[in-house]
Amino acid sequence: MFRSPLLSRVALVPAGLAILTGLGALWGPPGVRLALLLACSLLTGLALGLALLRSPRLAAWRGPAPTVRLRDVLPEAPLRTPIDRGRLRDHLANRTVLITGAGGSIGSTLSRLLLDFSPFRVVLVDVSEYNLFRVEQALRREAFEGELEFRIADVRDELVMERLFDDFRPDLVLHAAAYKHVPLMERHPVEAFRNNTLAAVALLRLCERFETEQFIFISTDKAVEPSSVLGATKRLVEWYVQSVDAPAERKIVRFGNVFGSEGSVVPLLRDQILSGKAVTLTHPDMVRFFMTATDACTLVLQTILLDEAQTYILRMPSLRIQDLTKRMIDFLHPWTPIGPRPRILYTGLRPGEKLEERLWDDSETPHPTMHPDVLGLDRPAHHSRAELDAWMGYLERLSEEHRAEELRHALLAPSVHVPMDHPPARRTPS
């Protein structure tokens, strides 16, 4: 194999023919030698041209590497049925919608899509100044006649969130704020619990107190029989949402992997592939469900109109991460450095990871809804509100005392069981 920095594999065939032709031109009649030398020159030029097309110095000729879309690597992904835009527009008229995590991948997409349905007011909340600034710049350019309120706030700060509820009296709350990275949350169970569980439960209580019409909690397939702290923090909120008295107004939407979202597997793979170095995967048999951010957020908006279940999921395809990587390597190959294609190295499963996720567990029964892309789940209520309040008080005590390993163990337990000798909770839930 050629190792010259000017030759890539695409140039091997003409380069090899040029060498053979050049050798043939050393012997034979003068007329034949001249013809062979001309052929050698043409083949050499072709080989160099093919190699230069993949030279990093000439990458500008091709432009920057494109963003990888789901259909680029999964052409069999289903076409989505449009949602009932007229009915949703009528429903949101004269209503105030509050979105947490509004600057993130999901929150910003939700915000952008929501403006098309002309709600009276949208309150966008995020703890990140930069993310909120970025989404404000984008949404201010939209032709939206309603009110837009951008508020820097930490959803963990109950007093701040209470003031927001008091100021704007939201009719609908879309809770997208959460930590989402499995390995990172394995190392920070206290912060995962505070941000993903305590904040969501406090927000749900505010919705009950202020009589908010709907609360939609964005969950994950990792909450199904969780093996990670992240999944366990989401499962606990799902249990809490199930314990409300008016289930039709308190809903759960389970996501799969959002294709291309910030910090997810696709942009990480893209960066590794474009570097030309080895691509690292945890296991060749890992499988994940994938959905686009637009599909995911359209699902959330569709569930506003549904009352056939309390938990909803989107019909979505699954794909082995190894196959995804190989397809991305093929798709991005013209933009990779010259030389052999990137190798795939396997590093082993990380703490909290599973080979395959599930969209529902054995106690849940999926059924169709009025929208063909959305499934509802019939599921039993796992625990009463009183049991969950006692359990939350116990977990909150562990988090306050930074007893991280005990908290991790308690979160991953299959059911709630408050130790008899546990001290009383710091505060009584409202």
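Good morning. The model is predicted, so to speak of its local features we require pLDDT of at least 70, and of side-chain atom pairs pLDDT 80 or more, whereas totals for chains, interfaces and linings use all residues. Residues are numbered from 1 along each chain as its sequence is written, and side-chain values use heavy atoms, without hydrogens and water.

I begin with the cores. A nonpolar core is a set of buried Ala, Val, Leu, Ile, Met, Phe, Trp, Tyr and Cys residues joined through side-chain atoms within 4.5 Å, buried being under 20% relative accessible area with a 1.4 Å probe, protein chains only. The largest has 48 residues, and I106, L110, F255 and L301 touch the most other members. Helix α13 supplies its largest share, six residues; helices here are DSSP runs of H or I, at least four residues, numbered from the N terminus. A second, separate core of 46 residues includes V173, V190, V237 and L388.

L388 leads us to helix α15, where it is among the buried residues, as are R385 and W391. The helix covers residues 385-400 and reaches 22 Å from first C-alpha to last, close to the 22 Å expected, that is, 1.5 Å times one less than its number of residues. What covers its buried residues includes α10, α11 and α16. Just after α15, H402 takes a positive phi of about 55°.

Finally, the lining of the second largest pocket has six nonpolar, six polar and four charged residues. Nonpolar means Ala, Val, Leu, Ile, Met, Phe, Trp, Tyr, Cys and Pro, charged means Asp, Glu, Lys and Arg, and polar the others, Gly among them.

Terms used
Helix = DSSP H or I, 4+ residues; strand = E, 2+ residues; numbered from the N terminus. Buried < 20%, exposed > 50% of the residue type's maximum accessible area, 1.4 Å probe, protein only. Contact = heavy atoms within 4.5 Å.
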